[in-house]
Amino acid sequence: MSMKLPFFNSKKMNTNELSDMDNIPKHVAIIMDGNGRWAKKRGLPRIAGHKEGMDVVRQIAKAASNCHIEILTLYAFSTENWRRPKSEVDYLLRLPKEFLHIYLPELIENNIKIETIGNFDVLPDYTKEAVNYAKEKTKDNDGLILNFALNYGSRFEILQAVKQVITDMENTELSLDKLDEQLFSKYLYTTGLAEPDLLIRTSGEKRLSNFMLWQVAYSEFWFTDVLWPDFTEDTFIQALNDYQQRKRRYGGV
Ligand SMILES: CCc1cc(N2CCCCCC2)n2ncc(-c3ccc(F)cc3)c2n1
């Protein structure tokens, strides 16, 4: 039963029901944790949790689109995930192709644009081909940006940005006095994207796990014990409602 929530309902967003249009988070980022634990609780292999979690991605992408959120960034594969058993890594890196085979038509129908952040070039060809096809097919969409963090690690991202800054300075394309936070942000994978207003992490962990360390400097964090495969549109709306409550000004500044 979907709860009737004060500010968002769980059906197609009817914007005149919003208490404060200015309070919709422009960019929501999610660390989708708890897939392995979900499977273990059911005596299933870990990949069953990832498969279940993939279907939740589709549900939450549509919910975000209906709520007129502009960017939804999902931490799908971290640089640390390479340490997992080879069979699990291979399964994970085939999920984009499976997801897009099933859901790309629906994403296109909902005017959703696929983007990625991370060290993309070193991913397997079957992963890159599927994602590049989806990027091409959705490049002109101007609805929700569904941004997958793939082979993403924030410290790697920051370090490659520093190296590029140094290179640009050595090539006298950049002078030290010109370098500020705004210019440095352009060297990150997230260049051109607004910083996350709300970061959600599932499964009870309360860590950033090397995710968007620079970008979340001023983000609201919302943690839930719910495991990602059990995360629903109502859980998502609850997070958005809590965000709105934190941001309500009650007439003040
Ligand atoms: C590359 C690892 C991975 C893992 C994964 N999981 C497993 C981990 C978290 C739970 C969600 C399901 N998903 N779910 C969708 C994608 C996906 C990525 C790019 C794209 F363009 C379209 C879909 C995905 N990618």
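This is a predicted model: local features need pLDDT of at least 70, side-chain atom pairs count only at pLDDT 80 or more; totals for chains, interfaces and linings use all residues.
1. Residues are numbered from 1 along each chain as its sequence is written, and side-chain values use heavy atoms, with hydrogens and water left out.

2. Which residues come nearest to the ligand? Out of 18 around it, they are His-50, Leu-92, Leu-95, Phe-99 and Phe-148 (a residue is near if one of its heavy atoms lies within 4 Å). The protein covers 98% of the 530 Å² of accessible area that the ligand has on its own (Shrake-Rupley method, 1.4 Å probe).

3. Now look at where that shell comes from. α2 (46-66), β2 (71-78), α3 (86-109) and β4 (145-152) each supply at least two residues, and α3 gives the most, with five. Helices (H or I, at least four residues) and strands (E, at least two) are DSSP runs, numbered from the N terminus.

4. What is the shell's make-up in nonpolar, polar and charged residues? It has 15 nonpolar, three polar and no charged. Here Ala, Val, Leu, Ile, Met, Phe, Trp, Tyr, Cys and Pro count as nonpolar, Asp, Glu, Lys and Arg as charged, and the others, Gly among them, as polar.

5. Finally, find Asp-33 in the loop between β1 (27-31) and α1 (35-41). Leaving aside neighbours within four places in sequence, Asp-33 is in contact (heavy atoms within 4.5 Å) with Arg-201, Thr-202, Ser-203, Glu-205, Leu-227 and Trp-228.
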